[in-house]
Amino acid sequence: MGKVETFQLSIPFSQSPRKIWVYLPSSYKKSKKHYDVLYMFDGHNLFFDDIATYGKSWGMKKYLDESNIDLVVVGVDCNHIGNHRLSEYCRNTFRILAKSASRRKYHSGLDS
């Protein structure tokens, strides 16, 4: 069975440190081989239902343990304050432009 470890990391563009989640396969500590690494967003949703948003994780630990895939998975928590998650993951801003009272058009523009 693999192990999930966590630590805090300061991120330059953020006021608060982020929790980093790392899944290490059971062979990791005793092996000298190189492992592929998968980096994922929303680290709090990757492994455990009890801390995942809406109570359901993506089940990565269970899947990797059951399939015996030797893969390191690194997940970074998102910004949990308001809508800041979207602004960190996407440079685009989304605005609604009214063409008329009955019709609205969505427009995406880049912040510069």
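**Core and confidence in a predicted chain**

Q: What makes the ten residues Val4, Trp21, Tyr23, Met40, Leu46, Phe47, Met60, Leu64, Leu71 and Val73 the largest nonpolar core?
A: A nonpolar core is a set of buried Ala, Val, Leu, Ile, Met, Phe, Trp, Tyr and Cys residues joined through side-chain atoms within 4.5 Å, where buried means under 20% relative accessible area with a 1.4 Å probe, protein chains only. These ten residues form the largest such set. Strand S2 (18-24), helix H1 (60-67) and strand S4 (71-76) each give two or more residues to this core. Apart from it lies another core of six residues, including Ile20, Val22, Leu24 and Val72.

This is a predicted model, in which local features need pLDDT of at least 70 and side-chain atom pairs count only at pLDDT 80 or more, while totals for chains, interfaces and linings use all residues. Residues are numbered from 1 along each chain as its sequence is written, and side-chain values use heavy atoms, without hydrogens and water.

Q: Which residues is Val73 in contact with, leaving aside neighbours within four places in sequence?
A: Contact means heavy atoms within 4.5 Å. Val73 has such contacts with Trp21, Val22, Tyr23, Leu38, Met40, Leu46, Phe47, Met60 and Leu64.

Q: How do you know where confidence is lowest and highest in the chain?
A: pLDDT is the predictor's confidence in each residue, from 0 to 100. Strand S6 (residues 104-110) has the lowest mean, 45, and H1 the highest, 96. Over residues 96-112 pLDDT stays under 50. Where pLDDT is low, the predicted coordinates should not be read in detail.

Note on methods. Buried means under 20% relative accessible area, exposed over 50%, partly exposed in between (1.4 Å probe, protein chains only). Helices (H or I, at least four residues) and strands (E, at least two) are DSSP runs, numbered from the N terminus.
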